[in-house]
Amino acid sequence: MTAVLRLDAIGKRFGAVTALYDASLTVRPGTVHALLGENGAGKTTLMRIAYGMHRPDDGTLSIDERRVSLRAPADAIALGVGMVHQHFSLVPTLTVAESVALGMHGAYDARRATARVRELGDRTGLVLDPAARVEQLTVRDQQRLEIVKALARSARLLILDEPTAVLAPLEAEELLRWIRQYCEGGHSAVLITHKLREALGAADELTVLRRGRTVATGASRDFDEATLVRALLGETQAPRTVSTPAGPAGDIRLTMRRVSVHARRDTHPLHEVSLAIRGGEIVGLAAVEGSGQQELIRVLAGQLTPSQGEVVGPDDIAFVPEDRHRDALALDLSLTENVALRGLQLRRGRMPWATLRRQTTAIMKRFDVRAESSDRAARTLSGGNQQKLVIGRELHGNPSVIIAENPTRGLDIRASDAVHNHLRDARKEGAAVFFYSSDLEEILAVADRVLVLHAGRLSAVEKTRDAVGRAMLGAH
């Protein structure tokens, strides 16, 4: 069968770092192709080459069995390739219609752009309000908009980078069903993912990269989780999470009393929420998208002032936000400078750069942040290594309270287990840990007790999948 995309023996170097060597991938028409690999394995780099964002140093790229040389994404778009990045490239103040028209040729025609959005919604089921502004959209609808933008440019091959990482479980299932329908119509998709079950369940074919090289490829029916783990890690078994039992909870470290937060149109994402977190425990938060969890987390972390109520806690609260690019990193600064951002408001006098470089090097070693040196810009790291840097920076120095919002987003099996173990170690040392994840199974595996936020109201539930799931849907 002919290939819609073929990458053969691709090599790519960034200075002294070899991101890819001998990486190959073939995508056939009408198929979903999953691309897996550890953080830093080269998955996103390989797909950026397919999208014209990077030019390969070695190897060949073919689209529809014709060898091509892409100078920019515009060349890939003209050949029917679209890419939805893990971090969306949207302008918050633009409308949906304006976002779809942005970058197209000719003068902007509002009526024509609105009609195009509605036509695509009717044809694909990705319905959006053309007049809605990006900043008003949920994460799910922002992702829909990115897909609609690609489809408006007649994409026949969609590349989706970790598309379910930001979605609630039901939203992820909905997206995967849509991808399947898209490919059943004769199109193709590449799904970059860390989730083994997702890859095995959604993809027709799989390719595994390890340290920049293709180590396995074939039909998904020829793989299971065990063989994928061996291909991903080069080991006989998956890394083991160290499950240490929780000891008795200590003193209250963080308290929220009758907190409410006003949102747009005078709604209340949070309704008189009260909670207390003790040292030596991990409190898990479960919620469906839009239940007020972002407001709750930011009030606890001191990032948002409530409209009523109070929060009492220490000054050294560590905060690992969900969106590292927006809320955690200055991408053009070095790793050392990013580490220096923690506690910057408390510093006085000259910056102790020698000490900060040693601290950053220690964080890189302990949290397996892969980079040439602490002087490299954060932008040069893979997404997973950026996340590990943020986690290492926040956990360094044994903070008394840790707020972690989807901390394993974009991390592979090994790195996710390491994060869980670091949180358990912090609990063992007496820290109070508040842990939110959009993955219910992760919450049940990590948390000592579970709270559920539904429609802005918080409740304590039994730590079982059924009880938590029912409470998330408002049936508790």
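Keep in mind that the model is predicted.

Let's start with a sheet of 6 strands, which is open and has the order 6-7-8-3-9-10, with mixed pairing. Its edges are strand 6 (81-84) and strand 10 (213-219), each of which pairs on one side only. On average, neighbouring strands in this sheet are turned by 15 degrees against each other, direction ignored.

Zoom in on strand 3 (residues 32-37): it pairs with strand 8 (residues 188-192) in the parallel sense. Here Val32 stands opposite Ala189 in strand 8.

Helices pack here too. Helix 1 (residues 43-50) lies across strands 3, 6, 7, 8 and 9, and runs at about 135 degrees to strand 3. Helix 8 (residues 225-233) packs on the sheet as well, touching strand 3, strand 9 and strand 10, and its direction makes about 30 degrees with that of strand 9.

**A strand under cover**

Now hop over to strand 13 (residues 281-286), where 6 of the 6 residues are buried. Both faces are covered: Glu281, Val283 and Leu285 sit on one side, with Ile282, Gly284 and Ala286 on the other.

| Partner of strand 13 | Sense | Bridges | Residues facing each other |
|---|---|---|---|
| Strand 17 (residues 432-436) | parallel | 5 bridges | Glu281 and Ala432 |
| Strand 18 (residues 449-454) | parallel | 4 bridges | Ala286 and Val452 |

**The nonpolar cores**

In soluble globular proteins, nonpolar side chains tend to be buried together. The largest nonpolar core in this model has 51 residues, and Ile147, Leu158 and Ile179 touch the most other members. Leaving out residues up to four places away in sequence, Ile179 touches Val32, Leu160, Ala189 and Leu191.

**Rings**

How many aromatic pairs are there? The count comes to 1. The ring centres of Trp178 and Tyr182 are 5.2 Å apart and their planes are at 15 degrees; planes under 30 degrees apart count as stacked, so this pair is stacked. Both residues lie in helix 6 (residues 169-184), 4 residues apart, which is about one turn of the helix. And are they buried or exposed? Trp178 and Tyr182 are both buried.

One more ring is worth a look: the charged end of Lys12 sits over the ring of Phe14, 5.2 Å from its centre.

Technical notes. Residues are numbered from 1 along each chain as its sequence is written. This is a predicted model: local features need pLDDT of at least 70, side-chain atom pairs count only at pLDDT 80 or more; totals for chains, interfaces and linings use all residues. Side-chain values use heavy atoms; hydrogens and water are left out. Rings of Phe, Tyr and Trp (its six-membered ring) pair if their centres lie within 6.5 Å; planes under 30 degrees apart count as stacked, over 60 as edge-to-face and the rest as tilted. Helices (H or I, at least four residues) and strands (E, at least two) are DSSP runs, numbered from the N terminus. Buried means under 20% relative accessible area, exposed over 50%, partly exposed in between (1.4 Å probe, protein chains only). A charge sits over a ring if NZ of Lys or CZ of Arg is within 6 Å of the ring centre and within 35 degrees of the ring normal. Two strands pair if DSSP finds at least two bridges between them. A nonpolar core is a set of buried Ala, Val, Leu, Ile, Met, Phe, Trp, Tyr and Cys residues joined through side-chain atoms within 4.5 Å. Contact means heavy atoms within 4.5 Å. Axes are lines fitted to C-alpha atoms, for helices over the stretch in contact, and angles run from 0 to 180 degrees between N-to-C directions.
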